[in-house]
Amino acid sequence: MGVVGIIGGSGLTRLNNLQIHNRRVVRTPFGEASGPLTFGDLGGQEVVFLARHGYGHTIPPHRVNYRANIWALHHVGVTHVLAVAAVGGISAALQSGVICVPDQLIDYTSGRPGTFFEGGESMVVHIDFSEPYCGRIRERLLEGAKVSGVGVVDGATYAATQGPRLETIAEIRRIEKDGGDIVGMTGAPEAVLAREIGLCYAPLSLVVNPAAGKSSEPITMEAIDAVMHEGMERVRAILASTVPL
Ligand code: HPA
């Protein structure tokens with residue numbers, strides 16, 4: 001199996017079970033990635049790690065250079081990407097603390113550079129995106145969860161919003177009507193670009209708060225951080241059991 005890339009989101013700016021070999025800044029035609037790529041060994045598998053929001057968590061979701069990140073991972077030989085993200089929970093089964101392996105995506109983002117194919121010399125290309133995520137990695141994540149004894153929900157529709165603000169209650173109602181189960185700010189165009197460039201990509205999502213209107217409590221960063229801290233430990237355990245792919 002090829003080289004595995006892991007994109008870490010909020011709460012996962014480093015993998016403490018990764019044996020780091022070196023870091024490398026990759027120049028891309030699209031500008032700077034979120035940071036240098038971290039090369040290391042996770043349970044005997046060569047892994048390339050990238051913190052989506054930067055290693056100091058300074059890049060908000062709408063400013064992430066998704067094209068540079070995906071291009072850089074592909075450029076160094078990554079073939080498979082595990083994409084970790086914190087999300088809000090919408091459907092009843094997806095309460096705070098639940099980890100899920102989404103199988104569908106709705107893109108509500110706007111104004112983000114979302115393709116490698118801008119026309120002209122880089123051609124007009126329409127990729128098949130009926131199934132937005134790589135079945136092989138989804139399967140491996142589900143097996144990895146089983147092996148590590150961490151419960152996960154198999155399948156969810158990820159709704160990608162623009163952020164950085166959280167949603168209104170009416171927006172979440174609309175997303176729910178549309179079929180969205182979880183809501184996050186980074187799932188698009190990351191998954192689109194991965195497909196365009198030929199990477200096998202799948203997300204692993206940790207629910208860190210009830211989405212707007214799904215709880216009588218206000219959404220606070222303190223509550224999110226508490227869930228995130230504990231939940232990302234379980235995410236790390238799943239990742240360690242998922243590789244080698
Ligand atoms: N909405 C959007 N993105 C998120 C949320 C949310 O409630 N929680 C974590 N990321």
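## Threonine 109

The side chain of threonine 109 is in polar contact with the side chain of aspartate 107, at 2.6 Å (a polar contact is a pair of N or O atoms within 3.5 Å; within protein, one must be able to donate a hydrogen and the other to accept it, and residues adjacent in sequence count only if both atoms are side-chain atoms). This is a predicted model, in which local features need pLDDT of at least 70 and side-chain atom pairs count only at pLDDT 80 or more, while totals for chains, interfaces and linings use all residues. Residues are numbered from 1 along each chain as its sequence is written, and side-chain values use heavy atoms, with hydrogens and water left out.

Threonine 109 sits in the loop between strand 7 and helix 2 (helices, H or I of at least four residues, and strands, E of at least two, are DSSP runs numbered from the N terminus). Its relative accessibility of 17% makes threonine 109 buried (under 20% relative accessible area; exposed is over 50% and partly exposed in between, with a 1.4 Å probe and protein chains only). Leaving aside residues up to four places away in sequence, threonine 109 touches Ala160, Thr161, Gln162 and Ala188 (contact means heavy atoms within 4.5 Å).

## Helix 1 and helix 4

The axes of helix 1 (residues 66–75) and helix 4 (residues 187–197) come within 9 Å and cross at roughly 35°. Axes are lines fitted to C-alpha atoms, for helices over the stretch in contact, and angles run from 0 to 180 degrees between N-to-C directions.

On the helix 1 side, Tyr66, Arg67, Ile70, Trp71 and His74 meet Ala188, Pro189, Glu190, Leu193, Ala194 and Ile197 of helix 4. The residues of this contact divide into eight nonpolar, one polar and two charged (Ala, Val, Leu, Ile, Met, Phe, Trp, Tyr, Cys and Pro count as nonpolar, Asp, Glu, Lys and Arg as charged, and the others, Gly among them, as polar).

## Cysteines

There is one disulfide in the structure (a pair of cysteine sulfur atoms within 2.5 Å). The disulfide joins cysteine 134 to cysteine 200, with an S to S distance of 1.8 Å. Cysteine 134 lies in the loop between strand 7 (104–107) and helix 2 (135–148) and cysteine 200 in strand 11 (residues 200–210), so the bond ties together parts 66 residues apart in sequence.

Cysteine 134 is buried at 12% relative accessibility, and cysteine 200 is buried at 16%. Cysteine 100 is buried at 0%; its sulfur is 17 Å from the closest cysteine sulfur, in cysteine 134, too far for a bond.
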